[in-house]
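Reader: Hello! Could you walk me through this chain, one question at a time?

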Amino acid sequence: MDVDPFDIPSRKETRRKPFRPRCKICRTNKYVVPIVYSIEITEEILEKERAKEIRIGGNARSVDAPNWYCRRCGEEFQR
Ligand SMILES: [Zn+2]
């Protein structure tokens, strides 16, 4: 890959919308939140779950564990 050292990545980041895959049941990503697997549940994580920005998936993370959750359908899926 050709990397340009003068291409500042942070400028690209501001333009990019946070990516969310679509739920295959309701076919929208409106209710899709990332599932967070963390050994340590911090106040920040709890705050985000309260705000329904994420879902806490516990600490049993396996290779094929789902990483997205649709709050509308209750569907967990992997992208
Ligand atoms: Zn859905």
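Author: Gladly, beginning with a term: two residues are in contact if their C-beta atoms, placed from the backbone, lie within 7 Å. This is a predicted model, in which local features need pLDDT of at least 70 and side-chain atom pairs count only at pLDDT 80 or more, while totals for chains, interfaces and linings use all residues. Residues are numbered from 1 along each chain as its sequence is written.

Reader: Among contacts between residues at least 6 apart in sequence, what percentage join residues at least 24 apart?

Author: Here the contacts in the chain between residues at least 6 apart in sequence are taken. The share of them that joins residues at least 24 apart is 40%.

Reader: What is the order of the strands in the open sheet?

Author: Strands of a sheet pair through backbone hydrogen bonds, either parallel or antiparallel. Two strands count as paired if DSSP finds at least two bridges between them. The open sheet here has four strands with mixed pairing, and its order is E2-E1-E3-E4. Each edge strand pairs on one side only, and these edge strands are E2 and E4.

Reader: Which residue in E3 is the bridge partner of Val33?

Author: E1 and E3 pair in the antiparallel sense, over three bridges. In E3, the partner of Val33 is Tyr69.

Reader: Is Lys52 buried or exposed?

Author: A residue is buried if 20 or more other C-beta atoms lie within 10 Å of its own, exposed if 12 or fewer, and partly exposed in between, with C-beta atoms placed from the backbone. Lys52 lies in the loop between helix H2 (43–50) and strand E2 (55–56), and has a positive phi of about 60° although it is not a glycine. Because Lys52 has 10 C-beta neighbours inside 10 Å, it counts as exposed.

Reader: How many buried residues does H2 have?

Author: H2 has eight residues and is hardly covered. Its count of buried residues is zero.

Reader: What separates the C-alpha atoms of Gly74 and Val32?

Author: Gly74 lies in the loop between strand E3 (68–70) and strand E4 (75–77). Gly74 and Val32 are 42 residues apart along the chain. The separation of their C-alpha atoms is 9.6 Å.

Note on methods
Helices (H or I, at least four residues) and strands (E, at least two) are DSSP runs, numbered from the N terminus.
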